Every structure is written in C-alpha cells, then in structure tokens.
Amino acid sequence: MNEKKETKQEKFPALAVMNKYAKESIKKLISLQNDDKKSINGSRLAMQKKIMSRLEKEASKGSAVMGLAVMKGMIVTGINFSRFFDYTSPYIDNRGFEKIEEFAMFENVALLMMQYNTIQKADTIMQFIRILPDLNELPFSTELYDVLNETSEGEKSFQTTLFDRWKQEYRLADSEIKPVYLSILKRAVSKGYSGAALCYAETIQKEQKTGSQSVLKLLKSVQKNRFSSSFERQQATKKISSQLSLRAKENSFVH
C-alpha cells in the first residue's frame, strides 16, 4: 500500500518546481487585470483563460499545489468561480494541502474577493452564497464584523456587494430557476446574514406589492442582528416605517 502511494507521488514534479510555476502563473494573471476594475478587454481575457486552463489541467492530475493555484486564479479573474470549492478536496499529492484549507477560510476568501473584484467578475456567485458559514454558530468578533461590513471610500461592503450580485442574477434568471435562487437567499438569511435579510425583504415586497408580516419580521431581524452594520440598521428602520405606513393606508381603505 505504502509502496504504491510513494510510486504515485514520485510521478509529480518537485514541490519547488510546481510552486514556481504556480507563482509565475498567478503573477501573470494579476498583471493582466485592469487597474480601474472595469471589464477586461478581449485579448487580456483570452490570455487569462489560457493560463487558467493550464492550471486546471495540472490540478486535475492530483496536485494540491496546483489546486491552490487554480483557486487563487479564480479569485483574481473570476473565471469558473462557481467551481471554487471543487478544489478544496484532498488530492493524490497532498503536499501543501494545509495551505488550501487556510486559503479557503471565509475571512480570507472574502477579503481577497473584495480586493480583486471577484464578485462582479465571477460567472455566478450562487454556489458561494449557498455554502456561506453559519454566523449563528460563530462567536462575534470585530474581525469578522469588519470582513462583512467594512467599506473603503466610495466602495460597498462585502455583504452589500455579494447580495447586490444575487439581485442581478435573480433578475436575469429564467422564471423556472428563480425559486432555486430564492431558496439559496433564504438559506443565507437563516444563517444570520443581515444583507441577505434586507435583500429578501426587498424581493418579497416587490413581488407581493404590499406590506406583510414576513417583510417586517425580516427587517426587525436586521435591527437585532449582531453582525448588522449601522447603515443596515438605519435602512431597516426606514423600511419598517415605510411598511407600517403602507399597512395603515391599506387598513384605512378596508375600514
């Protein structure tokens, strides 16, 4: 058994060789990014896809080092990002696998996604939203709070950016797929994401075109959520006032 395992690992290049190739590939992918974060031009995109294809081919041979390179490339480019978590499984050549585990931690991935504008560039963000960690099971920390809510000048927070992308995909989705998108968002709400609750409340309100207990419940959950930003709480308060006014008007027509 051990002899077979050693024979398989001997087929892989030296770790230093793979690390060098991975670093050079990621460096090239970063150099092909546009500084102004606007959509990348055709020639740069073609080159990125070519590099990513090579990395994925190498990773498919079973090397954790190359799997990590693919994950980094997905963050930088957004290419095939829906498959990001496909590369977190153990590999035939597991050397360096602990770096994948560290890289895939939510706090690390979220920060890098904001740095490289991954959310806007990704083919789809639904798979990432589907497996978000459950905030209800995590202790509160200022570090995690900042990851979710911190904003740079003129920039949106991670939560706002993520769930704005959900709205974009949902709006463009075929009607038969929309229930799946809603279930993914509802799952994020149940995991304690205030941005998801605001997004879900807005979606329900638009589709029902009326005030409802469900909307009010969602908005009140944002007010109580320990991970909500002050801006989100303000939004929730304004929307609650609007909902109550709407319900009062509806009741006046009934009576």
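Trainee: Which exposed residues sit on the face of α11 turned away from its buried side?
Mentor: Pro179 and Lys186. Exposed means over 50% relative accessible area, buried under 20%, partly exposed in between (1.4 Å probe, protein chains only). This is a predicted model, where local features need pLDDT of at least 70, side-chain atom pairs count only at pLDDT 80 or more, and totals for chains, interfaces and linings use all residues. Residues are numbered from 1 along each chain as its sequence is written, and side-chain values use heavy atoms, leaving out hydrogens and water.

Trainee: And which residues of α11 are buried?
Mentor: Tyr181, Ile184, Leu185, Ala188 and Val189. They lie on the same side of α11, because their arc around the axis is only 150°; the arc is taken from the directions from the helix axis to the C-beta atoms.

Trainee: What do the buried residues of α11 pack against?
Mentor: Helices α8 (126-130), α10 (158-172), α12 (194-208) and α13 (213-224). Contact means heavy atoms within 4.5 Å.

Trainee: New topic. How many helices and strands are there?
Mentor: The chain has 14 helices and zero strands. Both are DSSP runs numbered from the N terminus: helices are H or I with at least four residues, strands E with at least two.

Trainee: Which residues have the most contacts inside the largest nonpolar core?
Mentor: Phe106, Phe128 and Phe163, in a core of 71 residues. Such a core is a set of buried Ala, Val, Leu, Ile, Met, Phe, Trp, Tyr and Cys residues joined through side-chain atoms within 4.5 Å.

Trainee: How much of the chain is buried?
Mentor: Of its 255 residues, 41%.
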